[in-house]
Amino acid sequence: MKRRVGLFCILFTAILGFDVVTITKIQNIAKVMHLMDVESTKENLRNQEISGELYQKFCGYEKDGRYSRYEYLCGYLFTGEEKEKPLEEYLKPVKKYKKKEFSYIVSYEKALWCDLRYFPVPADRGETLQVSFENSWMSERTFGGKRKHEGTDIMASMNQRGHYPVISISDGMIEKIGWLPQGGYRIGVRSPNGAYFYYAHLYDYAEGIEEGREVNAGELLGFMGDSGYGEEGTVGNFDVHLHIGIYLNDENGEEFSINPYWIMKYLEDKRLTSQYE
């Protein structure tokens, strides 16, 4: 009798242990499946609600070699957790059960952050002319019909076109140049890791800037203006500013926009200095 009871207890314990393991596994899969929903994760990626300071913090996590800083960054975007341990607990099941999908998101973050070098408007050596910007992501615009603002506007303290220099945020190749009704005179630079940086409402272009040319981070692209919202040459429909847009291509080759605000905050203290005339 005692032997039967003992066998029963062992069997019950094994079944209970199996159930606990199974339940935990199912919970982990359910959690990952929810967090890795295609639409919600892409929106988290697009919003980029992470400060430059927090990004710098995640860069330090790469030292142990278990996860890249981009994986930690993605973990924060999906969980809102800033501490290392919760992120690791999340990353283990996500890499196990949704490895392919997660690798796409990580590659997007790497393309977005890896080539950043300088803030697009140099500081004034005389310290009299300033720029400012705020998070206007998805705010309403009306030119050409109602639409959402897919960028960040860097505003000039002095409303004078052709005065503030605009430099390249990254190394890359000039993929597009010329007039757009909404963007005025614009330049599009594709960085080495695939991010597309869009500079709009320029006054004019720097000498030698043309489509297909390679540019270096910090190289002069043109000057801030107020061009756009009309036929080529239209100016004066808004204050002088630089519109920055950032775009990535997904695994299907379709382009989607990213909120540049936090990227600009990250670059804000990485400014070159220029002698404004």
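Visitor: What does the side chain of H241 reach at 2.9 Å?

Guide: The backbone oxygen of D239. That is a polar contact: N or O atoms within 3.5 Å, where within protein one must be able to donate a hydrogen and the other to accept it, and residues adjacent in sequence count only if both atoms are side-chain atoms. This is a predicted model; local features need pLDDT of at least 70, side-chain atom pairs count only at pLDDT 80 or more, and totals for chains, interfaces and linings use all residues. Residues are numbered from 1 along each chain as its sequence is written, and side-chain values use heavy atoms, with hydrogens and water left out.

Visitor: Is H241 buried or exposed?

Guide: H241 counts as buried because its relative accessibility is 6%. Buried means under 20% relative accessible area, exposed over 50%, partly exposed in between (1.4 Å probe, protein chains only).

Visitor: And where is H241?

Guide: In strand β12, residues 241–249. Strands (E, at least two residues) and helices (H or I, at least four) are DSSP runs, numbered from the N terminus.

Visitor: Which residues does H241 touch?

Guide: Leaving out residues up to four places away in sequence, H241 touches D153, I154, M155, A200, H201, M224 and G225. Contact means heavy atoms within 4.5 Å.

Visitor: What runs alongside β8?

Guide: β7 (residues 172–180) runs antiparallel to β8, joined by 7 bridges. β9 (residues 196–205) is also antiparallel to β8, with 5 bridges. Strands pair if DSSP finds at least two bridges between them.

Visitor: Which residues are the bridge partners of G188?

Guide: K176 pairs with G188, and in β9 the partner of G188 is Y198.

Visitor: What about the turns?

Guide: β7 and β8 form a hairpin with 3 residues between them. The β8–β9 hairpin has 5, and G194 in that turn has a positive phi of about 110°.

Visitor: Now rings. How many aromatic pairs?

Guide: The structure holds 16. Rings of Phe, Tyr and Trp (its six-membered ring) pair if their centres lie within 6.5 Å; planes under 30 degrees apart count as stacked, over 60 as edge-to-face, the rest as tilted. One of them is Y55 with W113, stacked at 4.0 Å centre to centre and 15° between the planes.

Visitor: Where do Y55 and W113 sit?

Guide: Y55 is in helix α3 (residues 52–59) and W113 in helix α6 (residues 99–113), 58 residues apart. Both are buried.
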